Amino acid sequence: MIRSIERCQTELLEMMEQKQKAAEKQKEKLILELQQELRNTELCLIIIGNPINIKKWPDINVNTPASLSTLRTALTQLQQTLDETVDFTLDPDTAHPELILSDDGKQLSHGDTKRNVPDNPKRFDHCIFVLGKEGYSSGRFYFEVQVTNKTEWNLGVARESVIRKGDITLTPQDGCWTIWLRNENEYKVLADPSSSLSVRVKPQKVGVFVDYEEGLVSFYDVESKSHIDSFTGQTFTEKLHPYFCPW
């Protein structure tokens, strides 16, 4: 009888040990997948406007280590921020003749001379601007712009009917929600009146988040994960397009 009980105890312990090992393997696999997912996300963020799909991971009924908890928290925060990321391209029909767009429509530079392009109604002919091809009239969207090594730039969103010919005033009243950089370290939010921004570290990548129904346009330093400034309480009545000026 005693031997039978001991044998049952041994078998039970072996079974529990096997289950624990299986759970540990599943846990280790999940950690590796989460780490890989974070690495992939960081790589994707380098590409302007590239959509990011973040997996929803199943719960595991084992004691999870702090590293796994940290990874879960990081993924949750990323998902909350990036679920609205849009895949946009620059609209060549709106680009000022001095702007040069890449073939995939995701990179932009300022040339020395004007290109010979059709002067269509959509094209900016005085201000060196370009719009994103896609416009949004509801919901939320988010995009990022790499501005590394730039000493001057404008970026934000503009309504579809923004003036294309002649000079433009960059204010919400004129259909532009914009921040800019001048002289390497002078940042401003362009409103009426405009105001200077206090930026501790020069952003290398700027994130723009829009909540159409809430009337919100927010700007973020992606790498430092810090808020730059926001337009709040706005009223949008038509499509909004990503807007850029590389200078």
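A salt bridge here is a side-chain nitrogen of Lys or Arg within 4 Å of a carboxyl oxygen of Asp or Glu. By that rule, the structure holds two salt bridges. This is a predicted model, where local features need pLDDT of at least 70, side-chain atom pairs count only at pLDDT 80 or more, and totals for chains, interfaces and linings use all residues. Residues are numbered from 1 along each chain as its sequence is written, and side-chain values use heavy atoms, with hydrogens and water left out.

**K122 and D91**
- These two side chains pair up in a salt bridge at 3.0 Å, N to O.
- K122 sits in the loop between β2 (108-110) and β3 (130-131) and D91 in the loop between α2 (66-82) and β1 (99-101), so the bridge ties together parts 31 residues apart in sequence. Helices (H or I, at least four residues) and strands (E, at least two) are DSSP runs, numbered from the N terminus.
- D91 is buried at 6% relative accessible area, while K122 is partly exposed at 37%. Buried means under 20%, exposed over 50%, and partly exposed in between (1.4 Å probe, protein chains only).

**D119 and K165**
- The D119 and K165 side chains form a salt bridge at 2.8 Å, N to O.
- Distant parts of the chain get linked: D119 is in the loop between β2 and β3, K165 in the loop between β5 (153-159) and β6 (176-182), 46 residues apart.
- D119 is exposed at 59%, and K165 is partly exposed at 33%.

**T171**
- T171 is in the loop between β5 and β6, and is buried at 8%.
- Beyond its neighbours within four places in sequence, T171 contacts (heavy atoms within 4.5 Å) C176, L190, A191 and D192.
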